[in-house]
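Here is a short briefing on a protein model. Have the sequence and the 3D view open as you read.

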Amino acid sequence: MSTEGGPEPMEEEEVPLCDSPSTDSTTMDWVKVDERTETDESSPALPQSHHPVGANAVTQSENLPVQNPPDNCDEYSFGSSDDDAGDDEEENGLEKLAYVSLDTAFDMGILQSSIEGSKDALNLVVGKEVVMVVGKTGVGKSTLIQGIAGKRIHTSFHKASFSGETATKTVFDAQDALPNFEIGHAKASKTRSLNAFLRKCGDNEVLFLDSPGLEDTRGAEMDIATSALLSQVAKRCKSLRFVILIHCASLLEERGNTFRSVLQFANLFVQDFSESKMSFMFMFTHTDEITGMSNSSGDAKKRLQEEIIQIASATKDEDVLAVLDFVRRSLKKNYPFADILHPLDTNFPKLADAIEQLQGVRDLTSASSCNL
């Protein structure tokens with residue numbers, strides 16, 4: 001993968017909102033995923049140098065070789081000749097519908113502050129190869145980027161109090177953390193605007209974007225702001241890749257709705273997921289919180305494959321089935337498009353290289369025209 005020379009510096013400009021941002025287009029049943037990490041202290045730290053670019057942007061320089069992605073996808077076979085297909089049965093139930101309650105005052109201040117706080121990141125996006133890290137609030141997007149930046153992730157304890165009672169849980173934090181990528185441990189969103197981390201490998205530059213969580217805990221205002229910001233990203237960047245974080249508990253509870261949400265999000269940027277599927281990577285987390293699911297990556301992958309087969313057998317939506325089949329086969333064949341994300345076991349340098357070798361989506365006309 002090669003990156004063209006950086007764009008000429010541009011004057012700071014106001015970020016326009018979409019003419020008619022849609023709230024229901026951002027109501028994805030995003031999964032809660034926690035942080036991916038590597039804490040093997042025997043492993044050498046990533047060589048790095050950080051140079052803040054604006055209030056919400058960080059850069060890193062690495063001397064790691066990055067292979068160019070294959071010109072074609074023949075090395076990845078998703079044919080059905082070596083797998084059994086699940087039976088198709090319709091899944092009953094209505095999909096969630098999103099709306100803005102007219103009984104609740106709409107806070108324009110939240111909308112404005114999110115957009116104002118994203119200006120530096122949006123300016124850095126111009127002409128760049130961009131990786132969009134996507135997931136629900138608390139899914140671990142900021143932690144993932146901390147790990148990719150070479151920060152050591154370690155365990156700590158988080159205390160919460162209510163009505164005189166205190167609860168303590170084990171959480172993960174980043175040592176010498178990047179600024180503007182706060183890891184939240186409460187059930188409330190920590191990220192309030194777009195944050196950008198520029199990873200450099202030789203002459204290549206790839207920008208990782210962390211955004212407020214989809215279905216943000218602060219309400220429809222943040223959902224609308226996020227939609228407008230992502231539309232601006234699509235308009236300004238050179239290409240997009242997507243890392244989608246999925247909490248295993250959400251997968252088991254929400255079943256097919258999780259992948260309907262994935263497809264809904266994907267269709268904001270691509271017209272046909274099947275044609276652009278190699279621009280997407282799916283990371284499943286919190287496997288240790290699922291009863292009966294082993295901490296072993298191999299065993300967890302097998303359990304996920306079984307769950308996906310069960311989900312596929314209960315739906316007749318061909319588009320959703322295409323996403324399910326892609327993820328299942330990637331898990332089975334150890335393709336780089338689906339994997340387990342664990343805070344203490346992930347090899348972040350290897351993961352970063354795999355992400356950057358995804359095929360970039362370059363035709364972003366529909367997304368940049370405010371279909372978001």
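In this briefing, buried means under 20% relative accessible area, exposed means over 50%, and partly exposed lies in between. A300, with a relative accessible area of 0%, is therefore buried. The model is predicted.

**Cysteines**

- The whole structure was searched for disulfides, and zero were found.
- A disulfide is a covalent bond between the sulfur atoms of two cysteines.
- C237 is buried, at 10% relative accessible area.
- C248 is buried too, with a relative accessibility of 1%.

**Salt bridges**

- The structure contains 14 salt bridges.
- One of them joins the side chains of R329 and D325, with N to O at 2.7 Å.
- Both residues sit in helix α9, four residues apart, so about one helical turn separates R329 from D325.
- R329 is buried, at 3% relative accessibility. D325 is partly exposed, with a relative accessible area of 27%.
- E116 and K119 also pair through their side chains, at 3.3 Å from N to O.
- E116 is partly exposed at 36% relative accessibility, whereas K119 is buried with a relative accessible area of 9%.
- K200 and E205 form another salt bridge, and their closest N and O atoms are 3.7 Å apart.
- E205 is partly exposed, with a relative accessible area of 21%. K200 is partly exposed as well, at 27%.
- Salt bridges also link E129, K238, R241 and R362 in a network.

**Negative surface patch**

- Which residues gather in a patch of negative charge on the surface? They are D272, E275, D317, E318 and D319.
- D317 belongs to the loop that runs between α8 (297-312) and α9 (318-333).
- The relative accessible area of D317 is 30%, so this residue counts as partly exposed.

**An enclosed helix**

- How many of the residues of helix α3 (residues 141-148) are buried? Eight of the eight are, so the helix is largely enclosed by the rest of the structure.
- The buried residues of α3 include K141, S142, T143 and Q146.
- L144, I145, G147 and I148 are also among the buried residues of α3.
- G150 follows α3 and has a positive phi, near 90 degrees.

- H247 is placed in strand β7 (residues 239-247). At 4% relative accessibility, H247 is buried.
- H247 and T285 are 38 residues apart along the chain, and their C-alpha atoms are separated by 5.1 Å.
- A300 is placed in helix α8. Its relative accessible area of 0% makes A300 buried.
- A300 and I340 are 40 residues apart along the chain, with 7.6 Å between their C-alpha atoms.
- L344 lies in the loop between β9 (338-340) and α10 (348-356). L344 is partly exposed, with a relative accessible area of 32%.
- L344 and R152 are 192 residues apart along the chain, yet their C-alpha atoms are separated by 9.6 Å.

- D176 is a residue other than glycine with a positive phi, near 50 degrees.
- Where is D176 found? D176 is in the loop between β4 (165-174) and β5 (195-201).
- D176 is exposed, with a relative accessible area of 59%.
- N334, also a residue other than glycine, has a positive phi near 60 degrees.
- The loop between α9 and β9 holds N334.
- Is N334 buried or exposed? At 55% relative accessibility, N334 is exposed.

Conventions. Residues numbered from 1 in each chain as written. Predicted model: local features only at pLDDT ≥ 70, side-chain atom pairs only at ≥ 80, totals over all residues. Heavy atoms only, no water. Disulfide = S-S within 2.5 Å. Buried < 20%, exposed > 50% of the residue type's maximum accessible area, 1.4 Å probe, protein only. Patch = residues over 30% accessible without salt bridge, like charges linked within 9 Å, V, L, I, M, F, W, Y side chains within 5 Å. Areas by Shrake-Rupley, 256 points an atom, 1.4 Å probe, with all protein chains shown as cover. Salt bridge = Lys/Arg side-chain N within 4 Å of Asp/Glu carboxyl O. Lys, Arg positive; Asp, Glu negative; His and termini not counted. Charge placed at Lys NZ, Arg CZ, Asp CG, Glu CD. Helix = DSSP H or I, 4+ residues; strand = E, 2+ residues; numbered from the N terminus.
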